[in-house]
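Please read this report beside the sequence and the three-dimensional structure, which are shown next.

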Amino acid sequence: MEGGTVLTKALVTSALPYANGKIHLGHLAGAYLPADTYVRWLRLKGVDVLYVCGSDEHGVPITLTALKRGCSPREVVDEFHQANAGAFAATQIEFDIYGRTSSPEHHVVTQEFFTRLLKGGHVDKREILQLYSEQSKQFLPDRYVEGTCPICGNPNARGDQCDNCGGTYEVTELKDPRCALPGDTSTPVLKPTLHWFLKLENLQKRLET
């Protein structure tokens, strides 16, 4: 619609709400109502619009909630997917597709993306040090660790950010780290682990262009 171009088709997406809690008015006002209003305006202009959203059903907050409840992550995401879909319907925010990242088609597409990046030489494998729980026999993502903030000394800082001072840091910088998993009283230790990194520098010139 700018520069003389007539828009006939449009794809509009909104941020995917985490299936780890119920959406609130702040979510609606900040992310979904503006997009829904824009979609309705486009349709009034005769544009063929596809409005897509869905539940983000992967992530540490979900697994932590499941561990604290003593249930499976699937039970958590099923509950909040239905609750949030119902909230959108009640506020008349209408998506053409409201999906789930746990659906098989999303897994297939994600694997295709990764495979193409790997074959194209855009993925780098590197060994890094990460905190590990000997008691739970697993490596600990940031949210699985608490400790003393290296910036302000808050004794109850999260693994990646301190809610007291707002500081951010690497989880390995946290002082006196402790495992945040329910029932795990062990002190995390550093162990080497293999991770995969996207080589963004390979794509910099193309993105700048």
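## Basis of the description

This is a predicted model, in which local features need pLDDT of at least 70 and side-chain atom pairs count only at pLDDT 80 or more, while totals for chains, interfaces and linings use all residues. Residues are numbered from 1 along each chain as its sequence is written, and side-chain values use heavy atoms, with hydrogens and water left out.

## The parallel strands

Helices (H or I, at least four residues) and strands (E, at least two) are DSSP runs, numbered from the N terminus. Two strands pair if DSSP finds at least two bridges between them. Strand β1 (residues 9–13) and strand β2 (residues 48–55) run parallel and are joined by five bridges. Within this pairing, Val12 stands opposite Tyr51 in β2. Between β1 and β2 the chain passes through helix α1 (residues 25–44), and this β-α-β crossover is right-handed; the term applies if, with the strands pointing away from the viewer, the path from the first strand over the helix to the second runs clockwise. β2 also pairs in the parallel sense with strand β3 (residues 97–100), over four bridges. Here Gly54 has Gly99 in β3 as its bridge partner.

## Helix α2

Buried means under 20% relative accessible area, exposed over 50%, and partly exposed in between (1.4 Å probe, protein chains only). In helix α2 (residues 60–69), the buried residues are Pro61, Ile62, Leu64, Thr65 and Ala66. These buried residues of α2 pack against α3 (73–90). Thr65 is buried, with a relative accessible area of 18%. Contact means heavy atoms within 4.5 Å. When neighbours within four places in sequence are left aside, Thr65 is in contact with Asn20 and Val76. Just after α2, Gly70 takes a positive phi of about 75°.

Strand β6 (residues 145–148) is joined to β7 by two bridges, and Gly147 has Ala157 in β7 as its bridge partner.

Another open sheet of three strands has the order β5-β4-β9, again with antiparallel pairing. Its edge strands are β5 (138–139) and β9 (189–198), each of which pairs on one side only. Between β4 and β9 there are 10 bridges; in β9, Pro192 is the bridge partner of Leu129.

## The largest pocket

Which residues line the largest pocket? They are Ile128, Leu129, Gln130, Leu140, Asp142, Glu170, Val171, Thr172 and His195. On a 1 Å grid over the protein atoms alone, a pocket is an open set of points with protein on both sides within 12 Å along at least five of seven lines, and lining residues have an atom within 4 Å of a point. The space in the largest pocket is about 190 Å³. Strand β4 (residues 123–133) gives the most to the lining, with three residues. By type, the lining divides into four nonpolar, three polar and two charged residues; Ala, Val, Leu, Ile, Met, Phe, Trp, Tyr, Cys and Pro count as nonpolar, Asp, Glu, Lys and Arg as charged, and the others, Gly among them, as polar.

## Individual residues

Asn154 lies in the loop between β6 and β7. Is Asn154 buried or exposed? Asn154 is buried, with a relative accessible area of 16%. Leaving aside neighbours within four places in sequence, the contacts of Asn154 are Gly147, Thr148, Cys149, Cys162 and Asn164. Asn154 and Glu201 are 47 residues apart in sequence, and their C-alpha atoms are 36 Å apart in space.

Lys137 is placed in the loop between β4 and β5, and Asp176 is found in strand β8. Lys137 has a positive phi although it is not a glycine, and Asp176 likewise has a positive phi without being a glycine. The table gives the values for these residues.

| Residue | Phi | Relative accessibility |
|---|---|---|
| Lys137 | Lys137: about 60° | Lys137: 57%, exposed |
| Asp176 | Asp176: about 50° | Asp176: 60%, exposed |

Notes: 1 Å grid on protein atoms, 1.4 Å probe; cavity = no way out; pocket = protein on both sides within 12 Å on 5 of 7 lines; lining within 4 Å. Points joined across faces, edges and corners; volume = space filled by probe spheres on them.
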